[in-house]
Amino acid sequence: MYAILDLETTGLHRNDRVVEIAIVHADETGAVTGTWHTLVNPERDLGPVHIHGIRASDARQAPLFGDIAGTIADKLDGRIPVAHNIGFDSSMLGNEFARLGLDAPNLAEYGVCTMAWASEFLGPKVRSLRHCCEVAGIGNDRPHEALSDALATTQLLAHYLADCGQAPAPWVELRSTARDMEWPNLESIAHEAHRGVGSAPVDLLSLLPNQRTTEPDTQALRRYMNALDRALVDHELSTSQAEELVSLATQEGISVQYAADWHAKYLHIRANHEKAVHAQSEMYPRLTALATALGLDSNGLDNLLHTPPPALPFKFAPFTLQRNDITVLTGSFDAGKDHWAQVFSGAGLAVADYVTKQTALVVAADPDTMSHKARTARRYDIPVVRPDGAKRLAQRL
């Protein structure tokens, strides 16, 4: 009878996108009869990650909205839609269908808004889902996760229905309207994707081509070493950076055996570089993190620090920032962009709004972000790093 909907989005405006959707089916009493949920790839920055908690490494692997639009239409078709602030969810959903050139029914015209009905069942000053659940004695352990919020909204609906007693719910006549609503007839072509898929540490060596090839030429190794350095300037390897390195290694014919040898060379060079600019107490944790990202054992760091780095058949020096280098911020930061802009400008860097070929570094709230700035940076081979990693680089100026 009911289809309870919840969305997580990149923001609150018309141009924002859906990043997670959950639909719960319930019977006439509000009892759950089925659930469905998935992340959605918005093909842009994820917005307030500190609120919804969705990682770009997960969203990158999620289906596009167009790939699941048929499933959404099928799960809403013929049922009374329910949402907490249904006007917002209806608007966001309608905008997504409109981007596909399709018309979707306006849920707000024939649905139940548990926020609007809260004044009737819970009191005049109760509005937010959190507050409504508190008053109704409903738990919600994972707020701002679409499925958890949709299940909490379902319990809220059941609470309202129970309060009606033997009397019919005041919105019962909407059932016939819901049956008459026409949803687009589409075929879904994508799998579901859930949180946590991209949260495991990246094991780069396990992803590289395994078949031994002829020895790569010098230029191929130079390109791989430079790409490795750009990816690891902050001692971390993101999912997107690992994907780029695997793609490059495959293209250049660099198998895992050759890559492991060059990873060791790179760690040796970085160890000597770090030794020149850091105190020993700071150096070891960073080099240990770097070794882990490279897929190497960190037990031999002492030996690397006390022996000269290997000679390479090409010119190579690890990435460093210089005073007045241009830095660009992208994403929604916990402390705010203004805070980080002041940190970097105070350290002697120039902070700009747009990425150009003159940009030295892009600082991202999430280094796997799909923002336009990050995509441009990757195209220009500009490192994309977390703010803490960028701060450490700036401290050397």
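Visitor: What does E244 count as by relative accessibility?
Guide: E244 counts as partly exposed, at 37% relative accessibility. Buried means under 20% relative accessible area, exposed over 50%, and partly exposed in between, with a 1.4 Å probe and protein chains only.

Visitor: And what am I looking at, in terms of numbering and confidence?
Guide: This is a predicted model, with residues numbered from 1 along each chain as its sequence is written. Local features need pLDDT of at least 70 and side-chain atom pairs pLDDT 80 or more, while totals for chains, interfaces and linings use all residues, and side-chain values use heavy atoms, with hydrogens and water left out.

Visitor: Back to E244. Which residue does the E244 side chain meet in a salt bridge?
Guide: The partner is R378, at 3.6 Å from N to O. The pair links distant parts of the chain, with E244 in helix α12 and R378 in helix α17 (residues 372–379), 134 residues apart. A salt bridge here is a side-chain nitrogen of Lys or Arg within 4 Å of a carboxyl oxygen of Asp or Glu. Helices (H or I, at least four residues) and strands (E, at least two) are DSSP runs, numbered from the N terminus.

Visitor: R378: buried or exposed?
Guide: R378 is buried, with a relative accessible area of 19%.

Visitor: How many salt bridges does that rule give?
Guide: The count comes to 14 salt bridges.

Visitor: What does R17 pair with?
Guide: R17 forms a salt bridge with E96, and the closest N and O atoms are 3.0 Å apart. R17 sits in the loop between β1 (2–9) and β2 (18–26) and E96 in helix α4 (residues 86–99), so the pair ties together parts that are 79 residues apart in sequence. R17 is buried at 17% relative accessible area, and E96 is buried at 1%.

Visitor: Which residues are in a network with that pair?
Guide: R17, E96 and R99 are linked in a network of salt bridges.

Visitor: What about E236, who is its partner?
Guide: E236 forms a salt bridge with R386, the closest N and O atoms being 2.8 Å apart. E236 is in the loop between α11 (218–231) and α12 (239–252), and R386 is in the loop between β9 (384–385) and α18 (387–394), so the pair ties together parts 150 residues apart in sequence. E236 is partly exposed at 35% relative accessibility, and R386 is partly exposed at 29%.

Visitor: What lines the largest cavity?
Guide: The largest cavity holds about 50 Å³, and its lining residues include D45, L46, G331 and D366.

How values were computed: 1 Å grid on protein atoms, 1.4 Å probe; cavity = no way out; pocket = protein on both sides within 12 Å on 5 of 7 lines; lining within 4 Å. Points joined across faces, edges and corners; volume = space filled by probe spheres on them.
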